[in-house]
Amino acid sequence: MSGPPPSSVRTEDDAEIVAQSLEQSELFALLYDRYAPDIHRYAARRLGDAAADDITADTFLVAFRIRSRYDRTRTNARPWLYGIAGNLIGKQRRAEVRALRALARTGRDPLAGSGGAFWIEDADSRIAAQGPLAGALAALSAPDRHVLLLIAWAELTYQEVAEALDIPVGTVRSRLNRARRKVRTALGADPAFVTDVAEVA
């Protein structure tokens, strides 16, 4: 991209990169290189590869435009970027819910052909869980689904989700508990369905 960063930039500190990028905009590419694959993978699981390309590009475009407002006490920009991506995904929540409902009805992932499948279709033991799980996820409120998937699929900590969504950790916990309870209720008492969503998805 733009070559190695100046030796004065501590590349392990995302806040420093953001701060320095205000003077040397090319340094922002370091954050793209570091986090774009994760953001793309997460967006693809939710919306498919085609939409994930746009979500990823737009996430970093928005982040670059608002980087002067970045909280420099946060040395890790990952939650901030997931928060931006989440807002962009939220604007396409109807498409996400439609895909989840289609999977719930048919047991087939409509995004599988894009390479951004939610599920591993070759695993026979998981196919039976796809429809019920997708239906349960579709039935969640957008805020609850977002918290659940940031933890289950993006593997953010509670604190990171709180930072990403700009909400208290207690709110993260309550939304996650509510989402898990609703998913488990929707899946029934069968022990095969009561595992953590992160394990099934």
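These legends describe close-up views of a predicted model.

Residues are numbered from 1 along each chain as its sequence is written, and side-chain values use heavy atoms, with hydrogens and water left out. Because the model is predicted, local features need pLDDT of at least 70 and side-chain atom pairs count only at pLDDT 80 or more, while totals for chains, interfaces and linings use all residues.

**View 1. Ala44 in helix α2.** Ala44 sits in helix α2, residues 29-47. Helices here are DSSP runs (H or I, at least four residues), numbered from the N terminus. Ala44 is buried, because its relative accessibility is 5%. Buried means under 20% relative accessible area, exposed over 50%, and partly exposed in between (1.4 Å probe, protein chains only). Ile55 lies 11 residues from Ala44 along the chain. The C-alpha atoms of Ala44 and Ile55 are 9.0 Å apart.

**View 2. The Arg74 and Asp71 salt bridge.** A salt bridge is a side-chain nitrogen of Lys or Arg within 4 Å of a carboxyl oxygen of Asp or Glu. The whole structure holds 6 salt bridges. One of them joins Arg74 to Asp71, with the closest N and O atoms 3.6 Å apart. Arg74 has a relative accessible area of 28%, so Arg74 is partly exposed. Asp71 is partly exposed too, at 33%. A network of salt bridges links Asp71, Arg74 and Glu163.

**View 3. The Arg78 and Glu160 salt bridge.** The side chains of Arg78 and Glu160 form a salt bridge, 3.8 Å from N to O. This pair links distant parts of the chain, 82 residues apart. Arg78 belongs to helix α4 (residues 78-90) and Glu160 to helix α8 (residues 158-165). Both Arg78 and Glu160 are buried.

**View 4. The Arg178 and Asp144 salt bridge.** Arg178 and Asp144 meet through their side chains at 2.7 Å, N to O. Asp144 is buried, with a relative accessible area of 2%. Arg178 is partly exposed, at 30%.

**View 5. Confidence along the chain.** pLDDT is the predictor's confidence in each residue, from 0 to 100. The chain averages 81, and 76% of the residues score at least 70. Residues 113-128 have pLDDT below 50, and this stretch makes 41 contacts in the model beyond near neighbours in sequence. Residues 189-201 also have pLDDT below 50, with 24 such contacts. Contact means heavy atoms within 4.5 Å.

Methods: Helices (H or I, at least four residues) and strands (E, at least two) are DSSP runs, numbered from the N terminus.
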